[in-house]
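Here is a briefing on one protein chain. Read it with the structure open beside you.

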Amino acid sequence: MPLGRSRNNKRSSYTSYTSTITTIVFVVLCVLGVWLLTSNSLAPPQTTKRTAATNVNGNADFSSHSRLNKKDTPVYEDNPGELPDDAIKSDDHHHAENNNAADDSTSSHMNVGTGNSVEKQETTTTTPQETEGGGNDQKENNGEIPQVKESVDESEKQQTDHNENQVSEDSSITQNQQQNHEESVSKTSYSNEENQPKHSTDQDQQESSTEQGQQQPGQGQDNEANKDQENNPAEDQPRDEVSNSEDNHQMEQDTEASQEQKLNESDHSEEEDQSSKRTDQEQGTATGEDEVQKQEESKQKDATAQEGLRGSSTGDPQDPQSVIPNDDREKRIEEQQRQRQEDQQLDETTQQQASSAAKAKPQDDENSQQQQQQGGQSQSPAEDENFQQQQQQNGKTESQEKQSDSSFPGGDNIPKESKESKKSWATQAAQSENQKERRQSDSEGDGSIYGYSWQLCNVTAGPDYIPCLDNEKALRQLHSTRHFEHRERHCPEEGPTCLVPIPEGYKKPIEWPKSREKIWYHNVPHPKLADVKGHQNWVKVMGEFLTFPGGGTQFIHGALHYIDFLQTAVPNIKWGKHTRVILDVGCGVASFGGYLFERDVLTMSFAPKDEHEAQVQFALERGIPAISAVMGSMRLPFPSRVFDLVHCARCRVPWHAEGGRLLLELNRVLRPGGFFVWSATPVYQKLEEDVQIWKEMTSLTASMCWELVTIQKDTLNSIGAAIYRKPRSNKCYEEREQNSPPMCKSDDDPNAAWYVPLQACMHRIPTDESERGARWPVVWPRRLRTAPGWLNSSQMGIYGKPAPQDFVTDYEHWKRVVSSSYMSQLGISWSGVRNVMDMRAVYGGFAAALKDLQMWVMNVVNVDSPDTLPIIYERGLFGIYHDWCESFSTYPRTYDLLHADHLFSKLKKRCKLAPIMAEVDRIVRPGGKLIVRDESSAIGEVENLLKSLHWEVHLTFSKDQEGILSAQKGNWRPNTYANIS
């Protein structure tokens with residue numbers, strides 16, 4: 001055995017190969033030599049890739065092995081775990097057989113480093129240990145430790161001998177034996193790869209561990225095989241019968257495995273070299289690293305060698321990577337893990353020191369650099385370089401936080417309004433010169449809100465209480481109700497701080513679109529409307545549900561048929577394209593607007609709180625937008641020229657009375673060129689009253705220059721509809737013989753709508769292209785993302801940019817916030833959200849970002865904010881003017897989500913927050929949500945109030961004096977009642 005002696009003589013110089021550079025050079029030479037030897041392989045191995053690339057690269061190699069193993073032996077896709085003792089013993093016998101046969105045949109690549117039988121290696125071939133340490137150990141069987149770092153000539157000799165023996169000992173293994181061995185080795189190979197320890201960050205320590213692990217298992221296997229052969233001579237014969245065929249097949253597999261393992265080892269050595277350099281730099285041991293490395297390497301090699309020798313006699317044949325006992329292998333793993341933990345702790349200490357120094361350094365850059373240089377004098381060059389990198393990283397991070405839009409979870413920074421922009425925009429409060437004197441109150445009061453005591457509202461309206469519409473004290477003081485003043489808003493001077501009770505038996509609302517057809521009876525327990533309007537298919541009581549067949553007074557057979565009837569009557573209506581935002585007057589239960597969603601039309605429905613009890617509440621419970629309002633003595637809370645179409649189906653409004661004041665109000669809010677659909681008995685019945693009303697309406701609409709487009713009859717529903725069109729120019733106004741109704745004075749602002757009395761006059765049609773209303777908006781949905789053409793670039797936007805650019809910036813901002821933050825990070829299940837309110841909309845960007853979801857958004861523009869509501873309508877959305885120091889005109893428990901962007905910090909300058917939060921609690925359904933983005937101080941006050949209301953606060957986050965809050969309303973109600981004076 002000259003080759004064995006040569007390898008043994010080399011052992012005395014083993015430690016001379018510890019240098020990293022030498023190892024890399026050797027590996028390259030080995031790869032080259034093996035490639036030369038294996039370049040003439042007769043056939044590619046069929047299953048070698050399954051295990052050829054394991055061990056050296058840790059987890060990455062294990063994943064590769066798993067994929068290939070699944071392909072070849074899917075039965076072992078999952079780790080089978082530790083084998084029982086009897087299975088281990090059984091493998092020992094096969095192992096002895098295989099090693100005896102390997103010794104006789106001098107096959108150099110059959111079973112090195114696997115601890116398993118040759119039959120098992122037939123399909124799994126060699127692991128990195130096999131290709132490195134076992135090529136000639138089968139031939140030696142003399143207990144000598146194999147050497148990995150051989151010369152290329154020795155490798156060639158081994159390969160030559162191996163090839164000759166492989167060819168000479170061809171074939172007699174049976175197919176059944178081959179399958180049994182394949183299954184056995186697949187199981188053990190997969191199991192042990194999961195237990196393979198990760199490599200250490202210290203290069204020399206890892207090299208020692210790798211080399212010893214590769215070499216010693218092969219020799220341990222040989223020794224154990226010899227002992228087994230002596231104890232089991234009878235098993236030599238079966239081994240001889242199967243060795244020839246295995247040798248030939250295994251040779252092909254081992255050659256490719258050896259090549260792949262060498263390549264992996266080379267990559268691994270380079271990675272270990274880089275890792276070792278980084279670790280040495282962090283530890284600051286550059287001057288003495290060679291000595292320390294040699295000492296640690298020597299200790300590691302000695303310990304590993306001893307473990308390998310012990311493994312040769314007690315090795316676990318289940319381990320295909322190394323024939324090392326489980327206990328010894330676990331000790332080695334624990335030692336390596338302990339070493340890694342020490343390295344990690346040292347690395348963390350270094351980073352903490354750098355971080356501490358970064359926090360302690362002055363803000364001034366020059367002083368910071370001086371201090372860093374001084375501190376670096378006491379550190380090693382490596383530590384000083386890391387410290388500087390850490391400082392640069394911290395500086396970049398701070399800069400990015402200031403420049404990027406990532407202050408809030410997953411979203412943008414909250415944009416701030418420009419103070420200069422306020423000079424460019426009028427407010428609704430300023431426009432409404434005739435509005436009543438509003439109460440002004442500051443936010444003085446208790447500093448702590450946690451102890452606030454809430455009580456139930458003790459009012460006649462009970463669970464349906466709307467403070468501004470159920471103000472009994474104000475209603476008793478009215479001098480007249482001729483113009484439906486008792487249906488208008490009369491808010492108490494002080495906002496109520498009581499809570500509205502929840503109806504008994506209240507349940508979570510049914511989700512859209514099922515809610516359009518039915519709702520829970522106990523959520524809105526009012527059967528009167530079903531008794532009065534049930535025959536017209538408004539609403540019916542069906543057990544525990546209130547059902548809505550989709551009918552109405554003018555469309556008993558369903559709203560969809562009626563909608564299509566109107567489209568046929570006037571093709572230019574073009575639902576969902578040309579006509580997008582409409583107003584439905586006297587809406588009833590809002591089935592007309594509810595079914596227009598299928599035509600991509602948004603409907604602002606309204607009706608008074610009158611004897612048709614809870615009709616608007618029915619609509620909102622169904623998931624259809626609606627407000628409580630009346631055509632009375634005041635202008636509607638909408639801008640001028642914003643609705644594409646106005647609809648009235650038996651709305652019970654005397655349009656012709658008092659010079660047409662109410663119809664002139666519709667003229668104010670109707671867009672030039674827009675349609676008015678009047679479906680009422682005067683259009684198609686011949687009763688004396690109806691005939692008289694029709695004559696007066698004909699005269700009034702003609703004097704208003706409205707064009708009667710058509711009168712059509714619906715035979716299915718036995719009704720008729722007259723459709724008018726508002727003029728698009730002032731030509732008709734100028735050609736009238738009589739100035740009746742008169743034109744409004746030039747100082748009468750058509751956009752003033754907050755508590756402004758009605759005027760029986762008409763405003764001129766804008767004709768300049770730069771004026772709003774001169775042109776029809778672009779078709780939906782393009783109008784949603786297009787800045788209005790009349791938005792002047794010379795006008796500063798809300799956030800300080802030119803208005804058109806400000807519009808686009810706001811839209812992009814809210815798309816990012818909604819998609820990256822609101823949809824995933826606020827704990828909100830958006831599938832259950834239908835009715836949404838933006839309590840302080842600017843351009844409507846929040847609502848626009850929700851366009852593709854099954855929900856609608858009521859955009860509220862505050863009367864003391866810049867009047868941007870016309871922009872919201874122009875882009876195909878809708879909204880309303882409001883002052884949040886007062887109650888909103890909606891029923892309790894009607895919204896799923898409220899959104900407030902910089903609202904409360906502004907409101908608390910004018911009114912107390914407690915009544916506002918009581919209003920929020922009134923509007924939101926049990927289980928509903930509130931999202932607040934505001935100043936940190938306002939966030940804190942809102943959070944305290946919400947907690948006192950027993951809301952669940954899901955998220956609070958503050959940074960740079962700005963914050964965000966997400967909360968959810970519960971079912972809690974106090975037990976005591978308060979008196980409302």
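Proline 781 sits in the loop between helix H25 (731-735) and helix H26 (782-785). A cis peptide bond links tryptophan 780 to proline 781, with omega at about 5°. This is a predicted model, in which local features need pLDDT of at least 70, side-chain atom pairs count only at pLDDT 80 or more, and totals for chains, interfaces and linings use all residues. Residues are numbered from 1 along each chain as its sequence is written, and side-chain values use heavy atoms, leaving out hydrogens and water.

**The whole chain**

- The secondary structure comes to 32 helices and 19 strands. Helices (H or I, at least four residues) and strands (E, at least two) are DSSP runs, numbered from the N terminus.
- The chain has 981 residues, and buried residues make up 57% of them. Buried means under 20% relative accessible area, exposed means over 50%, and partly exposed lies in between (1.4 Å probe, protein chains only).
- Take the contacts between residues at least 6 apart in sequence: 75% of these join residues at least 24 apart. Contact means heavy atoms within 4.5 Å.

- Proline 513 belongs to the loop between helix H17 (472-476) and strand E2 (518-520).

**Helix H19 and its cover**

- Helix H19 spans residues 559-569, and its buried residues include Ala559, Tyr562, Ile563, Phe565, Leu566 and Ala569.
- These residues cover an arc of only 155° around the axis, so they lie on the same side of H19. The arc is taken from the directions that run from the helix axis to the C-beta atoms.

- Lysine 574 is not a glycine, yet its phi is positive, near 50°. Lysine 574 lies in the loop between H19 and strand E5 (581-585). Its relative accessible area is 45%, so lysine 574 is partly exposed.
- Arginine 650 is another non-glycine residue with a positive phi, about 50°. The loop between E8 and helix H22 (661-669) holds arginine 650. With a relative accessible area of 37%, arginine 650 is partly exposed.

**Helices H31 and H32**

- Two packed helices are described by the angle between their axes and the distance between the axes.
- The axes of H31 (residues 913-923) and H32 (residues 936-948) come within 10 Å and cross at roughly 55°. Axes are lines fitted to C-alpha atoms, for helices over the stretch in contact, and angles run from 0 to 180 degrees between N-to-C directions.
- H31 and H32 are therefore oblique to each other. Angles under 35 degrees count as roughly parallel, over 145 as roughly antiparallel, 65 to 115 as roughly perpendicular, and the rest as oblique.
- Leu913, Ala914 and Met917 in H31 meet Glu941, Val942, Leu945 and Leu946 in H32. By class, this contact of H31 with H32 has 6 nonpolar, no polar and 1 charged residues. Ala, Val, Leu, Ile, Met, Phe, Trp, Tyr, Cys and Pro count as nonpolar, Asp, Glu, Lys and Arg as charged, and the others, Gly among them, as polar.

**Arginine 933**

- Arginine 933 is placed in strand E16 (residues 924-935). Is arginine 933 buried or exposed? At 1% relative accessibility, arginine 933 counts as buried.
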